[in-house]
Amino acid sequence: IKGTHLEHFRFYTSQMKIEAQHKIDMESAIRKGLMKGEFIPFYQAKVSCKTGGVVGMEALARWVKADGKIISPVDFIPLAEELNLIHEIDTRIITSAVRDMAEWEKAGHNELVVSANISATELEDPAFVDTIFSILEDNNVAKEKFELEVTESLIMKDVEKNAQILEKLCTSGINCSIDDFGTGYSSLSYLKKLPIKTLKIDRSFVNDIMTDHNDLAIVCAIISMARRMGLKVVAEGVEDADQVELLKKEGCDIIQGYYYSKPLSKKDFLDFINLKRDR
Ligand code: C2E
Ligand code: CA
Ligand code: CA
Ligand code: CA
């Protein structure tokens with residue numbers, strides 16, 4: 001029966017079994033990981049173009065296994081979303097990030113704003129917004145010191161509804177920024193309806209600004225539009241000095257990328273900001 005439908009059928013069903021088993025294994029691994037507190041934030045610095053100082057950091061989820069192995073969010077976030085475990089993970093990440101932030105504020109780093117990422121189901125869940133409010137209150141961290149990075153494609157799923165939710169967040173003092181800006185296939189007309197403060201230019205546009213005319217044109221257009229609208233601009237994925245120079249010249253406000261620092265563990269990040277401050 002080589003080459004027949006039956007053979008294909010057998011192949012696919014055994015493939016599907018393997019995938020289904022993998023999901024079951026991952027689900028119990030994630031649940032155990034949550035119980036053991038293995039999901040923690042790493043922090044990547046955001047650097048002001050004007051002053052060169054660290055003005056904030058993005059909390060990025062990491063799964064740190066007992067043996068020290070670190071698993072990237074791209075390898076567990078999509079599945080966690082599918083399994084409805086993302087809410088639990090993000091709550092942990094935000095709780096840890098806000099707690100760390102309170103600690104660093106006490107140590108004299110009061111210029112920092114911490115940002116966190118959320119997934120599609122969370123923005124639209126009123127309880128999640130309240131969870132964030134209470135985490136901030138419990139740790140005595142001002143809402144102004146916290147920022148949510150919401151991807152453009154997430155917002156575009158239901159602009160009218162999400163605009164209202166963002167409005168509630170914004171009037172409370174929490175900052176909202178549009179993440180992965182330029183990748184969401186959206187019309188620009190929605191921008192003026194959203195109460196956001198910051199645009200974050202996606203890494204895919206920043207990567208090749210030194211060599212690709214079109215990418216450069218897009219980045220420059222986003223920066224000048226943002227400035228005219230009174231929005232701040234963050235460029236992510238900046239890896240070398242030429243890019244920094246160019247982005248500064250074009251009027252970008254904040255730079256985030258390997259050029260300054262990779263995402264770091266809590267301890268390493270504190271060392272990093274202390275070093276920068278003392279210099
Ligand atoms: P993102 O929000 O767009 O985050 C930026 C990603 O670019 C991060 O990857 C960061 O490590 C990486 N990056 C920053 N600078 C550079 C650079 O100069 N060069 C290169 N090559 N990469 C750079 P990471 O940490 O693997 O996160 C991937 C994505 O996973 C994030 O993309 C975000 O969408 C999602 N994610 C991360 N943490 C969380 C979380 O706590 N909750 C949720 N819901 N999603 C998260
Ligand atoms: Ca982000
Ligand atoms: Ca991005
Ligand atoms: Ca992203």
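Me: How far is an oxygen atom of ligand 1 from an N or O atom in the side chain of Asp 180?

Reply: A polar contact is a pair of N or O atoms within 3.5 Å; within protein, one must be able to donate a hydrogen and the other to accept it, and residues adjacent in sequence count only if both atoms are side-chain atoms. Here the Asp 180 pair is 3.3 Å apart. Arg 203 places a side-chain N or O atom 3.3 Å from a nitrogen atom of ligand 1. For Gln 44, a polar side-chain atom lies 3.0 Å from a nitrogen atom of ligand 1. The protein buries 85% of the 810 Å² that ligand 1 exposes when taken alone (Shrake-Rupley method, 1.4 Å probe; for residues, only the protein chains shown count as cover).

Me: What conventions apply?

Reply: This is a predicted model: local features need pLDDT of at least 70, side-chain atom pairs need 80 or more, and totals for chains, interfaces and linings use all residues. Residues are numbered from 1 along each chain as its sequence is written, chains are lettered from A and ligands numbered from 1 in the order written, and side-chain values use heavy atoms, leaving out hydrogens and water.

Me: How many residues surround ligand 1?

Reply: A residue is near a molecule if one of its heavy atoms lies within 4 Å of it. Here 25 residues surround ligand 1, and Arg 62, Asp 90, Ser 119, Glu 239 and Tyr 258 are the closest. Elements are DSSP runs numbered from the N terminus: helices are H or I, at least four residues, and strands E, at least two. β2 gives the most to the shell, with 4 residues.

Me: Which donors coordinate the calcium ion (ligand 2)?

Reply: Donors are N, O and S atoms within 2.8 Å of the metal, or 3.2 Å for Na, K and Ca; water is not among the atoms, so sites may look incomplete. Glu 58 (OE), Asn 117 (OD1), Glu 149 (OE) and Asp 179 (OD) coordinate this ion at 2.2 to 2.3 Å. Their spacing along the chain is E-x58-N-x31-E-x29-D.
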